[in-house]
Amino acid sequence: YNPSTAVQGSFIHHLFTDLYFTVGSTTQELPVWNDPENPYHLMVTLSLADEEEPLIVSGLIPPGQMLSSVTLAHVLAEGDYIATLVDTPADDRGNVYGSLSAKVTIHVVDDR
C-alpha cells in the first residue's frame, strides 16, 4: 500500500500511494485514518485522472476514527488507474482548513 504521512500546519495526514480494489464491485476497502491529534474532521475525495466527477467522496471522519469501506461512483475494470486523493480538513459546520492532494495508483485486481 506504500503508506505515507504528511504534516500540514497542525494537521497530520496519513495516506497510501497505492490502493487495491476488487474488480466488478462498487464496495471497496479504503483505509483512511484521521489522526487523533488532528483538530478537525477529515473528508476524502478520490478522482480518476481522466474523469471530472469524483470516484469517491467520503463524509466527515472525526479525529481518531477510520474510514474502512467506500462506495465507488462506478465499477472499475481490471487494470491500473492514476488518480488524485485529496484530504480536506473541515469542522462540523463545513468550514474547510486547506487540503492536501496526492497522486495515487489504483490497482484493480480479480481476486476470485
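This is a predicted model: local features need pLDDT of at least 70, side-chain atom pairs count only at pLDDT 80 or more; totals for chains, interfaces and linings use all residues.

Mentor: We'll take the fold, then the sheet, the cavity and the aromatic rings.

Trainee: OK. How many helices and strands does the protein have?
Mentor: The secondary structure comes to zero helices and nine strands. From the N terminus on, the elements run β-β-β-β-β-β-β-β-β.

Trainee: And how compact is the protein?
Mentor: The radius of gyration is 14 Å, close to the 13 Å that the globule rule gives for 112 residues, so the protein is as compact as a globular protein of that length. The C-alpha trace spans about 40 × 25 × 20 Å along its principal axes.

Trainee: What share of the residues is buried?
Mentor: Buried residues make up 36% of the 112.

Trainee: On to the sheet. Which strands form the open sheet, and in what order?
Mentor: Five strands form it, in the order β3-β9-β8-β5-β6. The pairing is mixed.

Trainee: Which strands stand at the edges?
Mentor: β3 and β6 (56-57). Each has a single partner strand, so one side of each is left without a neighbour in the sheet.

Trainee: What about β5 and β6, in which sense do they pair?
Mentor: Antiparallel, over two bridges. Thr45 stands opposite Val57 in β6.

Trainee: How far is Thr45 from Thr17?
Mentor: C-alpha to C-alpha, the two are 14 Å apart in space, and 28 residues apart in sequence.

Trainee: Where is Thr17, then?
Mentor: Thr17 sits in the loop between β2 (11-16) and β3 (18-22). Thr17 is partly exposed, with a relative accessible area of 27%.

Trainee: New topic. How many cavities of 30 Å³ or more does the structure hold?
Mentor: One. About 50 Å³ of space lies in the largest cavity.

Trainee: Which residues line the largest cavity?
Mentor: His14, Leu15, Phe16, Leu19, Leu30, Pro31, Val32, Leu85 and Asp87. The elements giving two or more residues to that lining are β2, β4 and β8.

Trainee: Last one, rings. How many aromatic pairs does a search of the whole structure find?
Mentor: One. The rings of Tyr40 and Tyr97 have centres 4.0 Å apart and planes at 5 degrees, so the pair is stacked.

Trainee: What angle counts as stacked?
Mentor: Planes under 30 degrees apart.

Trainee: Where do the two tyrosines, Tyr40 and Tyr97, lie?
Mentor: Both are in loops. Tyr40 lies between β4 (27-33) and β5 (41-48), and Tyr97 between β8 (79-90) and β9 (100-109), so the pair ties together parts that are 57 residues apart in sequence.

Trainee: How accessible are Tyr40 and Tyr97?
Mentor: Tyr40 is partly exposed, at 26% relative accessible area. Tyr97 also counts as partly exposed, at 35%.

How values were computed. Residues are numbered from 1 along each chain as its sequence is written. Side-chain values use heavy atoms; hydrogens and water are left out. Rings of Phe, Tyr and Trp (its six-membered ring) pair if their centres lie within 6.5 Å; planes under 30 degrees apart count as stacked, over 60 as edge-to-face and the rest as tilted. Helices (H or I, at least four residues) and strands (E, at least two) are DSSP runs, numbered from the N terminus. Buried means under 20% relative accessible area, exposed over 50%, partly exposed in between (1.4 Å probe, protein chains only). On a 1 Å grid over the protein atoms alone, a cavity is a set of points where a 1.4 Å probe fits but cannot get out, and a pocket is an open set with protein on both sides within 12 Å along at least five of seven lines; lining residues have an atom within 4 Å of a point. Grid points are joined across faces, edges and corners, and a volume is the space filled by probe spheres set on the points. The radius of gyration is taken over C-alpha atoms; the globule rule is 2.2 Å times the number of residues to the power 0.38. Two strands pair if DSSP finds at least two bridges between them.
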